[in-house]
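Here is a short briefing on how two chains meet and how one of them is built. Look at the structure first, then read on.

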Amino acid sequence: MSRLPSAFGSEPAFIPYLAVGDPDIPSSKQYVEALVEGGADCIELGLPFSEPIAEGPTIQKAVVRSLSGGITPDAYFEFVDDLDVDVPLVCMTYYNLIFRYGAESGTAAGEGDYAAPGPRPFVKRAAEVGIDGFVVPDLPAEEADDLREACDEFGLDLVFIVAPTTTDDRLETIREQVSGYVYVQARLGVTGAQADVSDQTAESLARIADWDVPKAVGFGISSGDHAARVVEAGADGIIVGSALVDIVADGVENDRPTAEVADALREKARELKEGALRSAKRSPETDGR
Amino acid sequence: MSSDSSADGKFGEYGGQYVPEALMPAIEELRDAYERYVLENEDGFVDEFRQRLGQFGGRPTPLQHAEHLSARYDREVYLKREDLVHGGAHKLNNALGQVLLAKYMGKERIVAETGAGQHGTATAMAAAHLDMPCEIYMGETDIQRQRPNVFRMRINGADLNPVTAGRGTLKEAISETMRDWATNVDDTHYVVGSVVGPAPFPEMVREFQSVISEEVRKQAKEQFGTLPDSVVACAGGGSNTMGAFAEFVDSEARSASGRSSGRSPREDDEDVSLLAVEAGGSSLAVDEEEGVAPNSASLSTGGQGVLHGARTKVLQDEWGQIVESHSVSAGLDYAGVGPELAYLVDEDRVSAVNVGDDAALEAFHRLSQEEGIIPALESSHALAYVEKVLGPERSAATGAADADAEVDDEAAELLGDRIVINLSGRGDKDLETVIEETDKRDIPNAPDMSEFAGGL
């Protein structure tokens, strides 16, 4: 059963993202633990796919590091199973890995069996190891029926992304399918840390203000101040990926010890979490003005 | 106008729209524009497109009787001369259609991916012709091996963005172009280069390319009074393939959602065998451990998967990670294939066959010497398949009454007496590759170039 509702209590949720296995499994484990110590309320654990079409350069490079480190869906599930943290976990990956899990081979290989197993085996295994939900950036609501069905069967949540370009008609389609939280894409483009937060955020949040799922904003948040402004704009949570992956990348490039990188991640997590809380405490007053 | 109720863009279970949410509205806008302008000729779009294809593109292209190949195989062999389209390949049919459509849609900027550079050059030409700013994404590896096309694009005024991710070839270029589109979706149209990607691209690109089979149909009736027995085309992503096949596939089989341009089935459609020739590379095996396929034969060996916006057949490892494909022909070197082709192969309407690098190189030299036409390495695969089934070596071997010979007889039967080979492009762009690759192998019919080697 999904524990995602527990991430969104009275305080705004801080949801960091890391690619599992970047740059290797043992380091990844320490990094995730550091983020939880730093105040994470939920973690998006990336399962790298070879064609990450929604990702900017930072996460693309993380995907390459992780894949060359040998991460596979089974290694990923084992990682999650071994993880000893007490926050909900969301699996972020691309649809083909979900669609193909459990196949003996990727090709017809002469046997003529080219059919895909579909999403059920993947979701079943994810539920076993303690995953609470999914974000699948290349799966719009229109194509999600099979995955939604499997998620319902195993009691997991399916998070959808709402973009600045999403039309009102499509908002309704997404509203029918979404559970756990809705991922509000703060601006157009791909993932990546930005120097400032987009104005589109408040507008996007206003459009879905009456939805009964929590609203978490991602894409471009890289500082405590960003976090504060996003929460002020009405977000129930903030999602931060590239700004954290940058720290991992810096560790790899400069050959820093794992513990040192973990410290930097913990510190960054605290900054982001405090930013989110700072604004939350202030917001009643803001409302009053 | 067709409603959205059945507008799922699927071919059986293939196709669909597996793209980031931010792109969905652009795709809906494109579907609407496609239906209005392309299918319903609003504002005279189709008339203008056809007029420009004729005057700028040089259409119609001949259906040429190939005398020496006909004598060699003792069949009537015809070449559909897409190599004579402006730019040297069928690619302009689609690029011109999409750039013109972007103009009708009020878009202000064109982006496109390119592998071998053929689609990039066609898009750059069309964009210059129609006065649209144009940016092309091309993998770094491809930039190195396709210099002449890089220069052509720049000379036509397009900006070129090198893609360094992965192996730096077509699939990385597609991913990067999608990212650009996701960032600039408001004013930008993405000219997808083949019958791949999210709906409506596979259907729309096929519509623009179907001028090939429309002409073949008409020319065949004029020249020999009936339809050909078979149409043979190479298949990478599959745009020349679908273009050459479209008018021989009835519309019901084309799209399970019944949303095609609505041509009603003709009774003689099914009489024409359709053969999609894939690049067998150096071997049909896939090394799942290494993540490498030494071929690009997605229809023959791929498993169902989701790649670049569509469910189709893809070359992937046991986990679903996309593997690196290979072919001596850069234009066929892709790990996926158009969803409609995957569907038509499953429905047994199209036969998926393949030939390897060596056979394609031999066919390249054969056509150059015997018919005076230097074919693209892509098209050489279609030529090589006919040689494989009907060539003298095969005839000499039929003494043996084994199972292979029976299969070969069936294949020969399928090709029939009148064979149309789609000569999708000319081979000038491939000369350096051909000379280099021929040198590495024992290609019996290749000319000796050794005395000139130093000068190349």
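Buried means under 20% relative accessible area, exposed over 50%, and partly exposed in between (1.4 Å probe, protein chains only). By that rule, 62% of the 289 residues of chain A are buried. This is a predicted model: local features need pLDDT of at least 70, side-chain atom pairs count only at pLDDT 80 or more, and totals for chains, interfaces and linings use all residues. Residues are numbered from 1 along each chain as its sequence is written.

**Chain A**
- Chain A has 11 helices and 8 strands (DSSP runs, H or I of at least four residues and E of at least two, numbered from the N terminus).
- Its C-alpha atoms fill a box of roughly 70 × 50 × 30 Å along the principal axes.
- Of the contacts (heavy atoms within 4.5 Å) between residues at least 6 apart in sequence, 73% join residues at least 24 apart.

**Interface**
- In chain A, 48 residues are in contact with 44 residues of chain B.
- The two chains bury about 3600 Å² between them, 53% of it on carbon and sulfur atoms (accessible area lost on being put together, 1.4 Å probe, summed over both).

**Salt bridges**
- The rule finds 4 salt bridges across the interface of chain A and chain B (a side-chain nitrogen of Lys or Arg within 4 Å of a carboxyl oxygen of Asp or Glu).
- Lys10(B) and Glu143(A) form a salt bridge through their side chains, at 3.0 Å, N to O.

Definitions and conventions:
Chains are lettered from A and ligands numbered from 1 in the order in which they are written. Side-chain values use heavy atoms; hydrogens and water are left out.
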